[in-house]
Amino acid sequence: MVDFSLTPEASSLRDLARKFARSEMAPHAAECDRAARFPEEIYRKAHALGLMNLNVPAEFGGSGLSLFEQCVIVEELAYACAGMTTSIIANCLALEPILLGGSPEQQQRFLPSFCADYHLASFALTEPSGGSDAGALKTRARKDGDAYLLDGEKCFITNAPHASLYTVFATVDPATRHRGVTAFVVPRNAEGVVPGKDEEKMGHRASSTSTVRFDKVRVPLSDRLLAEGDGFSLAMRTLDQTRTPIGALATGIGQAALDHAARYALRRETFGKPIAEHQAIQIKLANMAQAVHAARLLTWHAAWTIDGGGKGTLESSIAKCFASDAALHVADEAIQTFGGYGYMKEYPVEKLLRDAKLTQIYEGANEIQRTVIARELLRAYA
Ligand code: COS
């Protein structure tokens, strides 16, 4: 039978994440947003509590959580600050290719240090010439004896200026498009690795984003993940896993927007009564509640599918796409409920709109999610 209740473990993880989010993250969210400050002290605390490397199995010192449990945590964190959450969960994205494609020796070599101490890793796939067409990447990997030389530039890389390791996707032969894409693990201190300056972003301003240049970076053969040409499907399989938590992140933004709007509607009065008593506002709140609820259930369903051994390509794209569209809409309606105050930085809802916007873009723009959904769907009818 389908069961929507949380297990005692998931419930206590939710409580832990909620307490951390509300006591450690929320009080600093507005200030970090205003100043575009990367609050490393908060990320260190998240690491110490086991809220960082959620997908890394316990045998490597990680939290070893199911995707469902990860989603429960991510929603709580994002409720307090989506930008901080993006930085906290970036290790999950960056380390996933090692979990999926690393040999036991590579996993043992790369993963435990991230769990034992606070270190950040970044997933380096997107390039300036285009992110959606991931098979057309231009970063070159040329064989040179017992190593590869990597040349190229990545952009929009979360945590890149602070990372000690990158999972990098490069091509051994651009003419073969996705069939040349190959994955590598590259330490930050390798000669020729040059992270750029922090980008000035619209939202997620507590998170750090930059380019990373690779200038003839020597990567030993032993740091290649899987075989030459296996990198594209490894990136796709990684994103199948990590798009679902983005659905949870967007759900957290949506829930925060709904809560702010409902509380405000109960205390703001117009025409002699709280605006919550006006049908126009009730309809808004009802639509917002439906969107958040549906986003959460689609996210949970995608996580449940993947935890049960399913590939989850369709389900994770549906969850990510729906929840991020819902988050933007709900944040917009929260601002409308606040009226002019909603547009002011003094109130928390305009930040939610700016933060929600990115969830429609990163980990695959929603146009790409719809492409994936349509392909998966049509396969069933062919
Ligand atoms: N799992 C495993 N393999 C997959 C896969 C998946 N989910 N999706 C595609 N593949 C495989 C295909 O089976 C195909 O393999 P073969 O060469 O053996 O036939 C190969 O990958 C190419 O697939 P496809 O033809 O679908 O590739 P396209 O170039 O058409 O691109 C999209 C597919 C658009 C889905 C892909 O480029 C994409 O996801 N882009 C967005 C990238 C992204 O999310 N960037 C954000 C980065 S993180 S912030």
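**Around the ligand**

The ligand is surrounded by 23 residues (a residue counts if one of its heavy atoms lies within 4 Å). Ser132, His178, Asp240, Arg243 and Arg375 are the closest. This is a predicted model, where local features need pLDDT of at least 70, side-chain atom pairs count only at pLDDT 80 or more, and totals for chains, interfaces and linings use all residues. Numbering runs from 1 along each chain as its sequence is written, and side-chain values use heavy atoms, with hydrogens and water left out.

The shell around the ligand holds 8 nonpolar, 7 polar and 8 charged residues. Here Ala, Val, Leu, Ile, Met, Phe, Trp, Tyr, Cys and Pro are nonpolar, Asp, Glu, Lys and Arg are charged, and the others, Gly among them, are polar. Helix 6 (231-267) gives the most, with 7 residues. Helix 10 supplies at least two. Helices are DSSP runs of H or I, at least four residues long, numbered from the N terminus.

Now the polar side chains. An N or O atom in the Arg375 side chain sits 2.5 Å from a ligand oxygen. For His178, a polar side-chain atom is 2.6 Å from an oxygen atom of the ligand. For Arg179, the distance from a side-chain N or O atom to a ligand oxygen is 3.1 Å. Alone, the ligand exposes 1000 Å², and the protein buries 71% of that (Shrake-Rupley method, 1.4 Å probe).

Turn to the surface. Tyr381 is found in the segment after helix 10 (366-379). Tyr381 counts as exposed because its relative accessibility is 66%, and exposed means over 50%. Together with Leu377 and Leu378, Tyr381 forms a nonpolar surface patch of about 370 Å² accessible area.

Definitions and conventions
Patch = residues over 30% accessible without salt bridge, like charges linked within 9 Å, V, L, I, M, F, W, Y side chains within 5 Å. Salt bridge = Lys/Arg side-chain N within 4 Å of Asp/Glu carboxyl O. Buried < 20%, exposed > 50% of the residue type's maximum accessible area, 1.4 Å probe, protein only. Polar contact = N/O pair within 3.5 Å; in protein donor to acceptor, adjacent residues only side chain to side chain.
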